Amino acid sequence: MDMNAFEAWNLRLLEHFFWPGRIGKEIFIGTPPEVLDEIGDGLGGDVGFLEAVKAGPDWRWKHKPPTIESRLQELVERRKKSAPRALGYTDPGKHNCEFMPGGAIENSAPTYLPYLAALARGAAVADVAGYYARLRKDLALPPNWSSSQMSRTEVAWADLEKWTKDTGGRYGKFTFRSLGAHQFVGLAKSQVMIAARDIVVLHEIFERLGLEVGRGKAATRLGDVLEGVRADSSGLSRGLRQAASDPDYKDVLEARLVDVHGEWKGPEISLDEARRSRAGKRAEKRSGVRFGLTLGPGESLPWRVIIGIEDEAIDLAEVEDSQSLGEPGDKATPTSVSMRRHRLGGWALPLSVEESKSFLMQDSWTLRTLRGSFSVERARKPRVLTENGDENYELWDSGWPEYGAAVVLFPDPSDESHALFISACPDASRYKPDEMEGLPSRWAMYYVEACERLTEEQRAIVEPSERRVRLLVLQGGSRGEGGYLHYDLPNVVYRGPPEWRVGVVGRDDLELEQDSYTPLTRAGPSGRRGNAVVTRCYGLPPAFESGGEFKFFVLDGTGKEIGSCSLGVRSQAAASTAESGEIYMDRFGRIVKGVEGLRGGLPEHLVRVHERGRGNEVMASSRSRLDVGKPVTFEEVRNNPAVRFLDSVASTGGYSYGRAKSKLNRLLARAGSNQAPWKVLLDLWGRGYVELERGKDGGIEYVHSVPAKAYLIPLKVDGWDVLGLLGTLNLSQWGGLCEESLAWEILKNDFGLSEEGTLPVLRLRSKMAATLLKQRLDPIGLGLLPMQGLAIADWAATERDVRSAMLAETKELRESIQFMGLRRFDPLAIRYIDVKSWHPSPPEGREEAVLYKFEDARRKGWHRSMFVSRQGASFALDEQWSKWVALGYAARGFGRAPIFHDQEKRYLYVPAKLRFPIVIDRALLLCSGSPPVEYHLDAWEDGKDIKFGIKHADTVLFQFDERLCQGVGDGVWLRYDNVPAPVMKAISSKGK
C-alpha cells in the first residue's frame with residue numbers, strides 16, 4: 001500500500017506518540033530535530049521531515065493554493081468526515097490496523113500530525129529572530145505568516161484532544177492548553193519544553209532528592225523537583241528554564257515532570273558495578289549479539305558484515321508480539337537476506353554488500369527480525385576475531401583463542417594499542433589493501449598464526465584476560481540456583497587440534513555424543529596458515545540428568561591435560577511422570593498419570609461419551625485429491641528431520657527437553673534447515689505426534705512418545721475417507737504406510753508449512769470400512785481412532801474451570817522471586833506492555849486480576865506468566881489460556897474475541913498472538929490434520945469505506961467486522977482448515 005512522504009511521517013508520528021500502550025498517559029508532541037532524526041529512519045530524519053511538510057499529502061484541496069492553516073482545517077473535517085474525503089485520502093488505519101476507527105468514522109486517526117509536529121519543532125529551534133521568522137524560513141511560508149495565521153491552527157490542536165477523548169484514552173491523553181502571553185506560540189513551546197539533555201539532569205535531581213520509582217504527583221515531589229530545576233538551570237535547555245520561571249506553564253510543566261519521573265527506572269549504576277553485579281552480567285549476556293566479517297562463496301571479496309544472535313537472546317514473547325519485518329526502504333533493517341542456523345547454535349545473518357557498506361558507515365544499528373529486535377554496535381575498539389564458519393569463511397569477534405590462528409582488527413590505527421601490538425608481535429602479518437576490499441580503508445588487520453605461543457603480556461595489548469576462546473566451553477542449556485537444570489543440559493564444545501581427546505574425569509563409562517566438523521580456514525595475508533583446528537560439539541547422555549558435579553578434560557598427544565571445564569547439574573527433585581505408568585494430557589493441557597485423557601488423540605470410548613450422540617452433526621466436506629496432496633514415497637520422507645526425530649523418540653520413549661532440543665538441532669543442521677527446534681517441537685505437539693510435559697513454572701521439561709494412530713477426518717476425496725496420523729511413528733511404520741497398498745494411499749501436502757525441517761502434512765485416503773482398515777493397520781503397529789475434533793472440543797476445560805483452578809492455587813507472592821523485564825498484559829491492545837516497576841501490583845478499580853509476564857532472574861531465559869489478584873498470585877496453567885482469561889476479564893473472551901469462522905468454506909481465522917489453548921488448538925488441528933496457514937491482515941477501500949480482512953492477490957478470502965479487530969494490528973493471522981460448525985460451536989461455549 002503506497003504512501004507518500006507526508007503520509008509516512010504521519011504514520012510514524014502516530015506510532016511513536018500515540019501507540020495503544022500509552023493508555024491514559026498525557027501525550028506531548030516533542031519533535032525537536034534530534035527526535036525527528038531518531039524516529040525518522042528511512043524517511044530522511046529532520047531534513048526529510050521538513051521536505052515532507054512543505055510538500056504535503058497528494059490529495060485534492062478545496063482552497064487554491066492551499067496553505068498550512070487551510071490544510072489543517074480540511075484535514076480535521078475529513079478526519080471526522082464532516083466534509084467529503086478527497087480522492088486519495090487514506091485513513092491511517094488502512095496502513096496500521098491499530099488505528100482503525102472501530103466502527104465509528106469520527107474516531108478515525110488524524111492525518112495532520114506532521115503539521116503540528118512542525119509547529120512544535122519551530123519552538124525548539126527558534127533563535128533571536130523569533131519563532132515566526134524561523135518557522136517561515138524552515139517551512140518556506142509567506143513573509144506575512146504570523147500570529148493571525150497561527151490562530152487558525154487552533155482547530156487541529158483542539159481536534160487532537162477530542163480524538164484522544166473520543167477513543168477513551170486508548171492512545172493516550174492530549175490536552176489543548178492556552179499558555180503564556182502568546183498563547184499559540186506557548187502551545188507549541190509546551191510540546192518541546194523538555195529536551196533530551198534535560199532528562200539526564202532531571203534524573204540526577206530525582207536521585208539527589210532520594211525519590212522512589214513510581215508515578216503520580218506525590219511520588220514526584222513536584223515542589224522539590226522545581227526548586228532543583230531552578231538551581232541547576234545552567235545545564236538545562238532554554239525551553240525548560242523558561243517554563244520553570246513562567247507561572248502560565250505551571251500545570252503543563254508539572255504534567256511533563258510527572259511523566260519523566262514515571263519513566264525513570266531509578267539510580268543508574270556504573271558499567272563496572274553493573275559487570276560486578278549479577279543483574280549486570282545477565283543484562284550484558286542477554287544482548288547475545290556478535291559482530292563478524294565474512295567472505296562470499298569461494299572466498300570471494302569483498303568482505304561483508306555478518307551478525308550472530310545466540311538462541312538465548314531470542315525472547316519468544318517478543319517473537320509472538322512481532323508484527324513483521326521492516327519496510328524494504330528502512331536502512332536500519334536488513335531485509336534482502338535471511339537469518340540462517342549456525343552450526344554451533346544460534347543464528348547468523350550475513351548482510352548483503354550494500355547493507356554491509358551502510359552498516360560500516362554508522363555507529364550502531366537496530367536489527368529488526370521476526371525473531372526479535374537487537375541492537376548492534378559497529379567495531380570501534382581493537383578486537384580479536386577467530387575463524388568459525390559454516391558455509392563461507394567467517395571471522396567472529398571472540399577474544400584470543402587458546403589454540404590456533406586469529407585475526408586482530410584495529411578500526412582506528414591511531415589507537416595507542418596499535419603501535420604496541422606492532423612492537424610486541426613482529427611475526428603478525430598485515431593484510432594488504434587489496435585483501436581488505438569491502439572494509440573501511442582506515443582499518444588495519446593482522447593475521448596471528450599460532451595464538452598458543454603468545455604471552456599474557458602480548459594478549460593483554462588487545463583483549464582483557466577474561467575474554468578467551470577456551471578449548472572447552474559449555475554451550476546452551478538452562479541454569480538455575482545450584483547448577484544446570486537436569487532436563488535442559490548444555491552441550492560441551494571443543495575447539496582445538498583434531499588429534500587431542502576429550503573425556504570425563506573418573507567416568508570412563510560415559511560416552512559423549514559427538515558432532516564434529518572442521519571450520520573453513522583461509523591462509524594468512526602472506527600465505528601462512530595456522531595450525532589445524534577442529535570444532536566438536538558433544539551432547540551429554542542421560543546419565544548426566546541424575547545430577548552431580550562433572551569435570552571434562554582435554555588431553556594432548558602425550559596424554560597431558562591441557563584444558564578443562566566443570567559442569568554442575570541440579571539433582572532431580574521429583575521423579576518425572578515418564579518413569580512409570582502411562583501419561584495423558586488433562587483438560588487443562590497438563591501432563592498427568594492415572595487419569596485417562598488426551599494422548600495424541602482421545603481414546604474411542606471417551607470420543608463416544610463427549611460426542612453424546614452428536615457425532616452425526618459433523619458432516620464431511622468434499623475436496624479434490626489435488627487439494628489434499630500428492631502420493632509420496634518413503635524415500636521422500638525418510639530423511640526429513642522431524643521424521644528422524646520421531647523415530648529416535650519412539651525408540652527411547654521420550655527425551656528431556658534439553659536432549660530433544662539438542663537432537664533436533666543436529667538433525668536440522670545436517671539437513672541445512674533454518675527451522676528453530678522449539679518451533680518443530682511445538683508443531684509436533686500441536687498435531688498430536690508427541691506430548692510435552694511442562695513443569696510447575698510453565699517451562700517444557702520432557703518430550704513423551706505417543707502410540708501411533710490413524711484417525712478419521714471430516715473430509716472426503718472423490719468419495720473416499722481421509723485419515724490423519726498422530727503419535728510417535730518410527731521409520732518402520734512410515735515405511736509400511738508408504739508401501740503400495742490396496743487399503744490406502746498416502747498423500748503429502750507441504751502447503752501448511754513452508755520452511756524445511758518441519759513435518760509435512762501426511763494423510764491417508766481409503767475407501768475401506770473401518771473394521772477392515774483397522775485389521776490392515778494393525779500389522780504395522782498403528783491403531784485406528786474415530787473423528788476427534790468435536791469430542792476434544794467438548795472435553796476441553798472451560799474458561800470458568802481454568803479460573804477456578806487458578807484461584808485454588810493462589811498463594812501469597814513471595815519476595816524471593818526476582819523479576820526481570822516485568823510486563824503487563826493489556827487485553828485491549830492484546831499485547832504485553834512494559835511497566836515501570838520491579839514488582840507486580842494487584843488490580844485496580846473493577847479489574848479482577850492482572851496478567852504479568854517476567855523473566856525469573858534465578859533462571860536464564862526463563863519466562864513465566866502469573867495472574868495477580870487481590871487475594872494473591874497464581875502461576876498460569878497455560879500461556880495461551882492466560883491470555884484468554886485476561887480477555888474474558890475485559891469482556892473480550894470467546895464470545896467477543898477477534899476470531900472469524902467462514903462456515904461455508906470451513907475456515908477459521910485467529911490472530912497468531914491469540915492462538916487457542918493447547919487442548920482446543922488440538923481439536924482444531926485434528927479436523928484437517930494440517931497446521932494453520934499464516935496470513936497478514938489487509939485493509940482496502942470500498943467506495944467511501946475501509947474494509948479489513950484477508951486478501952490473496954486481488955481475491956478477498958474473508959472480510960472482518962472491524963469493531964472486533966481492536967488491538968489485533970496488522971500482524972500474523974492463522975487460518976485453520978476444515979473446521980465444521982459443530983466444532984466451532986463447542987469451542988465458543990468454552991467462554992461461558
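This is a predicted model: local features need pLDDT of at least 70, side-chain atom pairs count only at pLDDT 80 or more; totals for chains, interfaces and linings use all residues.
1. Residues are numbered from 1 along each chain as its sequence is written, and side-chain values use heavy atoms, with hydrogens and water left out.

2. Here's the overall tally. The protein has 33 helices and 46 strands; helices (H or I, at least four residues) and strands (E, at least two) are DSSP runs, numbered from the N terminus. Of its 992 residues, 57% are buried. Take the contacts (heavy atoms within 4.5 Å) between residues at least 6 apart in sequence: 69% of these join residues at least 24 apart.

3. Back to the rings. Rings of Phe, Tyr and Trp (its six-membered ring) pair if their centres lie within 6.5 Å; planes under 30 degrees apart count as stacked, over 60 as edge-to-face and the rest as tilted. That rule gives 20 aromatic pairs. In one of them, Trp157 and Phe174 have ring centres 5.9 Å apart and planes at 20°, so this pair is stacked. The pair links distant parts of the chain, 17 residues apart: Trp157 sits in helix 8 (residues 154-166), and Phe174 in the loop between helix 8 and helix 9 (183-191).

4. Now look at Phe410 and Phe421. Their ring centres are 5.5 Å apart with planes at 50°, so the pair is tilted. Phe410 belongs to strand 10 (residues 406-410) and Phe421 to helix 19 (residues 416-424), so the pair ties together parts that are 11 residues apart in sequence. Both Phe410 and Phe421 are buried. Elsewhere, ring pairs link Phe18, Phe99, Trp163 and Tyr171 into a cluster.

5. A charge sits over a ring if NZ of Lys or CZ of Arg is within 6 Å of the ring centre and within 35 degrees of the ring normal. Arg975 has its charged end over the ring of Tyr907, 3.8 Å from the centre. Arg587 lies over the face of Phe588, at 5.9 Å from the ring centre.

6. Where do the nonpolar residues gather? A nonpolar core is a set of buried Ala, Val, Leu, Ile, Met, Phe, Trp, Tyr and Cys residues joined through side-chain atoms within 4.5 Å. The largest has 105 residues, and those touching the most other members are Phe645, Leu684, Leu725, Trp734, Leu737, Leu777 and Phe916. Helix 32 (residues 918-925) gives the most to this core, with six residues. Apart from it lies another core, of 51 residues, including Ile29, Trp61, Val76 and Leu187.

7. Neighbours within four places in sequence aside, its contacts are Arg687, Tyr689, Lys709, Ala710, Tyr711, Trp734, Leu737, Leu762, Leu764 and Leu782.

8. Is strand 33 (residues 761-766) enclosed or open? Six of its six residues are buried, so strand 33 is largely enclosed by the rest of the structure. Val761, Arg763 and Arg765 point one way, while Leu762, Leu764 and Ser766 point the other way. On pairing, two strands pair if DSSP finds at least two bridges between them. Strand 31 (residues 720-726) pairs with strand 33 in the antiparallel sense over three bridges, with Leu723 partnering Leu764. Strand 32 (residues 745-749) also runs antiparallel to strand 33, joined by five bridges, and there Glu745 has Arg765 as its bridge partner.

9. There's also an open sheet of three strands, in the order 27-29-28, with antiparallel pairing. Strand 27 (654-656) and strand 28 (691-694) are the edges, each with a single partner strand, so one side of each is left without a neighbour in the sheet. Strand 27 and strand 29 (residues 700-704) are joined by three bridges, and Gly654 stands opposite His704. Helix 25 (residues 657-670) packs on the sheet, touching strand 27 and strand 29. Helix 26 (residues 677-686) packs on the sheet as well, touching strand 28 and strand 29.

10. Leaving out neighbours within four places in sequence, Glu611 contacts Met787, Leu790 and Ala791.

Methods. Axes are lines fitted to C-alpha atoms, for helices over the stretch in contact, and angles run from 0 to 180 degrees between N-to-C directions. Buried means under 20% relative accessible area, exposed over 50%, partly exposed in between (1.4 Å probe, protein chains only).
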